[in-house]
Amino acid sequence: QVQLAESGGGLVQAGGSLRLSCTASGRTFSRPVTGWFRQAPGKEREFVAAINWSGSMTPYADSVKGRFTISRNNAKNTVYLQMNNLKPEDTAVYYCAVRQTNSRSAYASVQEYDSWGQGTQVTVSS
């Protein structure tokens with residue numbers, strides 16, 4: 001099945017930037033939808049951003065609008081999450097997830113995704 005490899009996490013000062021990458025391998029979907037989620041200790045996993053296979057739909061959580069940008073390079077089977085003006089409350093493990101395009105347009109639900117990466121830690125210090 002699909003394997004997802006994440007990279008780009010790290011420790012950054014408040015106001016700094018990071019770019020996360022999620023690269024798919026194995027039996028990749030032909031028209032994938034990819035989402036980014038994050039989970040802080042003791043909290044539920046929450047939606048951050050998503051992108052459909054063409055890049056025409058890029059919904060964001062309200063908490064990251066204007067700061068984060070999701071993009072993809074289908075030739076590289078890679079989705080990126082550019083995170084600018086990071087805040088301490090952005091500290092979490094960030095996960096990418098992928099599903100095949102279907103008739104549903106739900107991007108923000110954890111249950112919609114079939115494959116998940118192992119996560120990458122993002123820590124924003126104050």
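**Exercise 1. In what order do the elements of the chain run from the N terminus on?**

Solution. The model is predicted, and its local features need pLDDT of at least 70, side-chain atom pairs count only at pLDDT 80 or more, and totals for chains, interfaces and linings use all residues. Residues are numbered from 1 along each chain as its sequence is written, and side-chain values use heavy atoms, with hydrogens and water left out.

Step 1. Count them: the chain has 10 strands and zero helices.
Step 2. Read the order, which is β-β-β-β-β-β-β-β-β-β.

**Exercise 2. Find out whether the radius of gyration of the chain agrees with that of a compact globule.**

Solution. 
Step 1. The radius is taken over C-alpha atoms, and the globule rule is 2.2 Å times the number of residues to the power 0.38.
Step 2. For 126 residues the rule gives a value near 14 Å; the chain has 14 Å, so the two agree.

**Exercise 3. Describe the surroundings of Asp 90.**

Solution. 
Step 1. Locate the residue: Asp 90 is in the loop between β7 (78–83) and β8 (92–100).
Step 2. Classify it. Buried means under 20% relative accessible area, exposed over 50%, and partly exposed in between (1.4 Å probe, protein chains only). Asp 90 has 0% relative accessibility and therefore counts as buried.
Step 3. List its contacts (heavy atoms within 4.5 Å). Beyond residues up to four places away in sequence, Asp 90 touches Arg 38, Arg 67, Phe 68, Asn 85, Val 122 and Val 124.

**Exercise 4. Is Glu 112 buried or exposed, and which residues does it contact?**

Solution. 
Step 1. Glu 112 belongs to the loop between β8 and β9 (115–116).
Step 2. Its relative accessible area is 13%, so Glu 112 is buried.
Step 3. Apart from neighbours within four places in sequence, Glu 112 is in contact with Arg 99, Arg 104 and Ala 106.

**Exercise 5. Is Lys 76 buried or exposed?**

Solution. 
Step 1. Lys 76 sits in the loop between β6 (68–73) and β7.
Step 2. Its relative accessibility is 53%, so Lys 76 counts as exposed.
Step 3. Thr 23 is 53 residues from Lys 76 in sequence, while their C-alpha atoms are 7.4 Å apart in space.

Notes
Helices (H or I, at least four residues) and strands (E, at least two) are DSSP runs, numbered from the N terminus.
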